[in-house]
Amino acid sequence: MPISYTQSRVGKSDVGKTSPDLRQVVRLLISANHILHQHGLVDAFGHISARHPLFDDQYIIASYDPGAPALVSSVKDFIEYYTSNSEPVQKDQPRGYSERFIHGEIYARYPAVKCVVHSHSESVIPFMAAGFQIKPVFHMAGFLGAAGPPVFDLTDLYTRMNRPAQDMLIKNSFLGKELAETFFRAKDSGIAVHPVVLQNKHGFTCIGSNIQQAVYRAIYLQNNCKLLKDALDLAGGDVTMIQFLTKDEAEGCEKMNWMTQDKAFRLWLREVQVNPLYQNEEGAPEELPVGGMQDDSWGT
Ligand SMILES: [Zn+2]
């Protein structure tokens, strides 16, 4: 049974609740799949999910059947999973992504996270292969923080797991929990988390407090890596020549990134809407507000 816009949960007070929010999330999720493909962040592989807008203990992600994020087109292409174990909410669902544990364990660990993107970006992976720490070189990537994202490495975990099949995939709760924990930044606050975790020999995963923020972070992480590669080429590979954002600059830019992300998303949305490769049978998302720098409200 596909996701229904009239949701019900036996024994709970929200039985029969109809959710325009759910329709909007599904529309956004379909378009976000297309945007990530258009920007080269996903091909046949890679995925994006959203926390269920009605049930905090569930998330929504495309099934394996459409074949690729570019081909996701309908609510019927999605499956609801429980965050606690990444088991489908409804019986007899089609095949799902083996790496859905990335998503489930992050949602279970961080209640504020509403969207997760996982990518095998070919602009990002070479930095880990070469042992270069990714740090922000321009203002649009201030959200990375001056020190850059942490790197998750499976090698030690494989040793602890008695050397199972080492295909680099996060396909069980144990590995998903280890990856989720890598996002943790400040153990004393219990709130602040890294927006991005790099995955050695694999790709990266990023999170957002909404779909727009997670997509923004994926795109500008990749753009930052392209610029950093260009800068390293010009500097003859000498990383000491590279001028990265300072701590204060990164913090200031992170705030700006939050305030302007909606503007970028509206452009990306329009680009996929006019491209016939991408179909969204659920209709266009409702118009999204554009905050901009005059708006002082911003999230953490
Ligand atoms: Zn992967």
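Is His120 buried, exposed or partly exposed? It's partly exposed, because its relative accessibility comes out at 25%. The close-ups below are all taken from a predicted model.

**View 1. The zinc ion and its four donor residues.** Glu99 (OE) coordinates the zinc ion along with the NE2 atoms of His118, His120 and His202, at 2.1 to 2.2 Å. If you're tracing the site along the chain, the donor spacing reads E-x18-H-x1-H-x81-H.

**View 2. Two of the zinc donors, His118 and His120.** His118 has 0% relative accessibility and therefore counts as buried. His120, at 25%, counts as partly exposed.

**View 3. Helix H2, mostly covered.** H2 spans residues 100-109, and eight of its 10 residues are buried. The buried set takes in Arg100, Phe101, Ile102, His103, Gly104, Glu105, Ile106 and Tyr107. Packed against these buried residues are strands E3 (47-51), E4 (58-62), E5 (78-82), E6 (115-119) and E9 (203-208), plus helix H5 (173-182).

**View 4. Helices H1 and H6 where they meet.** The axes of H1 (residues 20-38) and H6 (residues 211-234) come within 10 Å and cross at roughly 5 degrees. That angle is why H1 counts as roughly parallel to H6. On the H1 side, the contact involves Val25, Leu28, Leu29, Ala32, Ile35 and Leu36; H6 brings Ile211, Val215, Ala218 and Ile219. Sort the contact residues by type and you get 10 nonpolar, no polar and no charged.

How values were computed. Residues numbered from 1 in each chain as written. Predicted model: local features only at pLDDT ≥ 70, side-chain atom pairs only at ≥ 80, totals over all residues. Heavy atoms only, no water. Donors = N, O, S within 2.8 Å, 3.2 Å for Na, K, Ca; no water. Buried < 20%, exposed > 50% of the residue type's maximum accessible area, 1.4 Å probe, protein only. Axes fitted to C-alpha atoms, helices over the stretch in contact; angles between N-to-C directions. Helix = DSSP H or I, 4+ residues; strand = E, 2+ residues; numbered from the N terminus. Parallel < 35°, antiparallel > 145°, perpendicular 65-115°, else oblique. Contact = heavy atoms within 4.5 Å. Nonpolar A, V, L, I, M, F, W, Y, C, P; charged D, E, K, R; others polar.
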